[in-house]
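Here's a walk through a protein model, written for someone who likes to know the cut-offs behind each term. Have a look at the sequence and the coordinates before reading on.

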Amino acid sequence: MKKFSKVLALALALTMLAGMVGFASAETAAYSEAPILTEKVTASELPAVADRLPTDVMVETGIEVGQYCDSIVFTQTSSKWWPEKITEEPLFRFKQDGSAEIEPNVAKGYDVNEDATVWTIYLREGMKWSDGVDFTSEDCRYFYEDLLIPGVTTNSVWDAMYSTDPESGEKDAEPAKMAIVDDYTFTITFQHSKPSFLQELAINGKWFFAPKHWLQDYLAIGIGEEAATAKATELGYADLNAYNKDLTYYTWLIVGRPSLRPWVIQNDFNDQLITWARNPYFWKVDENGQQLPYADKLEFMRFSEDTQALLWTLDGTLDVNVVNIVNIVELQENAEKGGYDLKEWGETKWAGHAIQLNQAILDEDMRALFQNVDFRQALSVAINRQQICDIIDDGFSVPRQSSPSEGTPGANEEWANKWTEYDPAKAEELLAACGLTKGADGYYCFDNGKQVVLNLQYNDNEGDKAPLAELLVNDFEAVGLKTTSRLYDRSILEEMRSANTHEITIDWEMFDAVSVALRPDYIVPTRDYPPWATAFGLWYMTDGKDGVEPSQAVKDMLTVFDQLKASTDNAKREELSLEILKMHQDNIWEIGLTSRVPRLNAVNSKLHNFPDYLINADEFRELGLAHPYTWWIEQ
């Protein structure tokens, strides 16, 4: 038996206790359902509610028991992830208290052995997909072994499924093994200890299941590559990769695909109004036995101009909307008339506005420049942050460097203020120190005569990026740097990121982390995700076969991260996490412009069970942490 620290032993004990808690279920004398479903039962279009719910039904406690209502209305931007986070139902979810602790959800519970190498997951007996077909362990095995490992759904297997050899610090060559025990039980076995498995799974492996009975009629693994290619072509896909990704990754957008979510999409995501209808087989009830969700449907209204979303909030059209604090006066003045309340949530983002320089930019001269810490300092001090605070944020923010939120690990005032002084003369001194010289036109060039050109790229869902880009262009041009800016659709930016053709991004995938150890994606390039180091992440995740070899500073950080992954000692993991944060403080890979402004939610005053305060974080799934299926509107 391996030896473990007392800290690990205690952590595992608590984990096992949490797993046992997942088995609890409240007794209900009888179940009830929404009137719209009762009509279908009466017409023999649906089984009775008791026959649609699992034996191990999940009872949502700690909420105000509500009443069924018609719809909840939101806005819809180009982001596919907005409705995803609102409707997501993972195997295990994070608790609402911001502790980064998990609790059972789709899974009813778990056990873990003493050294955290074998995890036993228990599903809910009798649980069904939205089309009424049984959900079983085979759906989890199918996703993991037939879709994830072969690369059908993503380019690589999630880090959550690998353990690390504590002696060598090397990640296991093979992912964890899965074994089905019965229809509602399976095991995940790692080669080495993996005490953080469930937290990591809740972050980067949320959908550990797929409807095998449905997908096997669409994917090559079920019907052969020729037939799958024909279906993909018929549906307008350019290739099988795009087809597979939609069916197995962007699953919530596929009309007709069975789901475990509270609501399922009813029409094309590109429509002006996207409707999500209640899932008649949803597997949660309230303490009175009423099947959730309370709302019959969700409606997402696409808007053509940024002011439209604000007007819809002011006139009460929207039930829930994230609003910009720059409109706070108008929002407060109209709150009673518009019938909404403003609720402020906490944020984990490192900055309100920021830019990221692609450290692996294709142009080798620009790459060397971007990797030069003096150049990043030059850009930082060339920026008039106070002007950005006044014009873009209406004075609600202050100049600030990108750094962890106050009160979180690594946060300190020295870092928050680093390179935030506006000093164009200092910027030009640093540019000269980088070996750049001014040409006859007043713009800096490399020593080979090639002009330095900064290309700013952004997506503008909130309507403030174009004026922000203009201010940045003016500041950089003022110190002799030729600068352009261009608006892109988010999908195009994502394609550019995948191809490593992006250069300097504004306010896109900004640094945001509840825990470096659990969610390194933004600040440690462990996969092809963060804009500042996408190709470095690809290099790391493919063991150097693809991507771009990182700079030495980033390699050093990846080495520390490997040590962090290999450690089972909580104190050591915290120490290594702080070391990674210190590397960011030294290098400033994301140049922050302003402090975070509060996240404001405008919520229908008659909508119940919307929490007054939560931590808004991608790891917690943002609005999804508020459990929207418990929301109801008083009639």
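What follows goes from strands to a helix, then to one arginine and the aromatic rings.

First, the ground rules. This is a predicted model, so to speak of a local feature requires pLDDT of at least 70 and side-chain atom pairs count only at pLDDT 80 or more, while totals for chains, interfaces and linings use all residues. Residues are numbered from 1 along each chain as its sequence is written, and side-chain values use heavy atoms, with hydrogens and water left out.

Let's start with a sheet. Helices (H or I, at least four residues) and strands (E, at least two) are DSSP runs, numbered from the N terminus, and two strands pair if DSSP finds at least two bridges between them. On that basis there is an open sheet of five strands, ordered β19-β18-β20-β15-β21, with mixed pairing.

Another strand pair is a hairpin. β5 (residues 107-112) and β6 (residues 118-123) pair in the antiparallel sense over five bridges, and D111 has T120 as its bridge partner in β6. Five residues sit between the two strands, and A116 takes a positive phi near 60° in this hairpin. β5 itself is mostly covered, with five of its six residues buried; buried means under 20% relative accessible area, exposed over 50%, and partly exposed in between (1.4 Å probe, protein chains only).

Now for a helix. Seven of the nine residues of α14 (residues 373-381) are buried, so the rest of the structure largely encloses it. Among the buried ones are F375, R376 and L379. At the start of α14, a side-chain oxygen of N372 reaches to within 2.8 Å of the backbone nitrogen of D374.

Leaving aside neighbours within four places in sequence, R93 is in contact (heavy atoms within 4.5 Å) with residues including M58, E60, K284 and H627.

Finally, the rings. The structure holds 38 aromatic pairs: rings of Phe, Tyr and Trp (its six-membered ring) pair if their centres lie within 6.5 Å, and planes under 30 degrees apart count as stacked, over 60 as edge-to-face and the rest as tilted. F190 and F197 form an edge-to-face pair, 5.1 Å centre to centre with 65° between the planes. W207 and W252 have ring centres 5.9 Å apart and planes at 40°, so that pair is tilted. W207 and W252 lie 45 residues apart, and both are buried.

Terms used: A polar contact is a pair of N or O atoms within 3.5 Å; within protein, one must be able to donate a hydrogen and the other to accept it, and residues adjacent in sequence count only if both atoms are side-chain atoms.
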